[in-house]
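Student: I would like to learn how to read a structure like this one. Could we go through it feature by feature?

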Amino acid sequence: HEDIGTAGNKLVISQSGKYVITDAADAAADNSNIQIIVNGNLEDVEITVKNVKTNAQLNNNLDGAETDDKYSNRCAFEINSGTTVTLNWEGTNKFWSSPERAGINVKPGATLILNDEDNSGTLEAGSLCNGGQAHTYGAGIGGDQVEPNFGTIIIEKGQINARCESKGNSYSKFDALAAGIGGGYSDTETSTEGTIIIKGGTIEAASWSVDDGSAYSLSNLGNQYSYGAGIGGGWKGTCTNIAILGGKVTANSYSGNDIGVGYEYYGGEGITKGIVIGKWDENTNFPEITGDIINQTN
C-alpha cells in the first residue's frame, strides 16, 4: 500500500497488507488525534509508523485545553481479534489514549509483534488520567476497561516505553489500575488472560501514579496509588504467560508486582502465573532485568 496520511481523526485498516503511516502534522509537536483501528480477522498486517504522535483524547481542534473538550473512551491504536500486526517504527512515535482505553489495545485473539528493525526510533504508548478525571484503567500496551484481557504481545527489537499513568494533585488522588504492559481493569472484571513474550529490545513498563503532577522518569518511582503490575496483570489480575528471553527490561509498580500480578491479586498471596526468565537461543544474551519479579509488596 502507498503511504497513508492522517485524514480526519480515524484511520481504519480493513484489509491485510503492508502500510506506512506518516503524521501530516508538525513532527515536533504532540498534536494529532488520529485513531488507528485494525479490523479483526485480517490475518497478517504490517505497519510502519513514522513520527506519529497522537493523543486520542483531544478534540478535533487539537487544542485539548479543557477537560470537558476531551473525548472519553477513545483508543489511539486498536488491534482486533483474528489479526496479527507487525509494527515497525521510525523516528519518535507516541500513542496515548483516554483513561478507559489502552495506548495500544491488543484484543484477545489478536497478536502484536513489535520490531523496530533499524533500532533507530522510539515507541511510547500509554493510557492517561491527567487531573480532573477518573482513574486510569488502560494498560500502555494490552487490555483496558472495555476488555481487561488481551491477546499476545511479542517484543523482538526496539526502544519501547509503555505506561498506565495517573497524574493527580494534592486534592485528588487518582489510581493507575492497569499494567504498563499487560492487563487492564474494570469495575466488574480483572485481567486473567494474555501472553507477553520479550525477545529483545530496551523496554520500560510502568503502572505509575503521582499526586503532584510531576513527569514520569525512571528516577521518579511514583506513589502507592499504582496498583497494576509493571508487566503482567492489572489490579487484582494476572495474565497467562510472561516470558522474558532477552533484551533490557525495566519494570515498575509501587503497589503491584514490577513483573507478575497486580496488587491484591484475587488468586492468592504471592501467586504469579507462568513467568519464564531465560535465553531465547544460544546467541541471545541473558536478559537484563530491573524490577521485582516474584515477591508481592502487599
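Student: In which loop does A110 lie?

Tutor: Keep in mind that the model is predicted. A110 sits in the loop that runs between β10 (104-106) and β11 (111-115).

Student: Is A110 buried or exposed?

Tutor: The general idea is a cut-off: a residue is called buried when its relative accessible area is under 20%. A110 has 1% relative accessibility, so it counts as buried.

Student: Which residues is A110 in contact with, leaving aside its neighbours within four places in sequence?

Tutor: With those neighbours set aside, A110 is in contact with I79, N80, S81, G82, T83, G151 and T152.

Student: I79 brings me to the strands. What is the order of strands in the open sheet?

Tutor: The open sheet has eight strands, and the pairing is parallel. Read across, the order is β2-β4-β7-β10-β13-β16-β19-β22.

Student: Which are the edge strands?

Tutor: An edge strand pairs on one side only, and here β2 (10-13) and β22 (259-260) do so.

Student: Over how many bridges do β4 and β7 pair?

Tutor: Strand β4, residues 35-38, and strand β7, residues 77-79, pair over three bridges in the parallel sense. Within this pair, V38 stands opposite I79 in β7.

Student: Now the charged side chains. How many salt bridges does the structure hold?

Tutor: There are seven salt bridges in the structure. One of them joins R101 and D144, whose closest N and O atoms are 2.7 Å apart. This pair links distant parts of the chain, 43 residues apart: R101 is in the loop between β9 (92-97) and β10, and D144 is in the loop between β13 (141-142) and β14 (152-157).

Student: Which residues are linked with R101 in a network of salt bridges?

Tutor: The network links R101 with E78, K107 and D144.

Student: What does the salt bridge between R163 and E124 tie together?

Tutor: The two side chains meet at 3.9 Å, N to O. R163 lies in strand β15 (residues 159-167) and E124 in strand β12 (residues 122-130), so the pair ties together parts 39 residues apart in sequence. R163 is buried, at 8% relative accessibility, and E124 is buried too, at 18%.

Student: Where do E156 and K199 lie?

Tutor: The side chains of E156 and K199 meet in a salt bridge of 3.7 Å, N to O. E156 is in strand β14 and K199 is in the loop between β17 (195-198) and β18 (202-210), so this pair ties together parts that are 43 residues apart in sequence. At 30% relative accessibility E156 counts as partly exposed, and K199 counts as partly exposed at 24%.

Student: One more residue. Which backbone nitrogen does the side chain of N88 reach?

Tutor: The side chain of N88 reaches the backbone nitrogen of E117, at 3.0 Å. N88 lies in strand β8 (residues 83-90) and is buried, with a relative accessible area of 12%. Leaving aside its neighbours within four places in sequence, N88 has contacts with I47, T48, V49, N115, D116 and E117.

Terms used: Residues numbered from 1 in each chain as written. Predicted model: local features only at pLDDT ≥ 70, side-chain atom pairs only at ≥ 80, totals over all residues. Heavy atoms only, no water. Pairing = 2+ DSSP bridges. Helix = DSSP H or I, 4+ residues; strand = E, 2+ residues; numbered from the N terminus. Buried < 20%, exposed > 50% of the residue type's maximum accessible area, 1.4 Å probe, protein only. Contact = heavy atoms within 4.5 Å. Salt bridge = Lys/Arg side-chain N within 4 Å of Asp/Glu carboxyl O. Polar contact = N/O pair within 3.5 Å; in protein donor to acceptor, adjacent residues only side chain to side chain.
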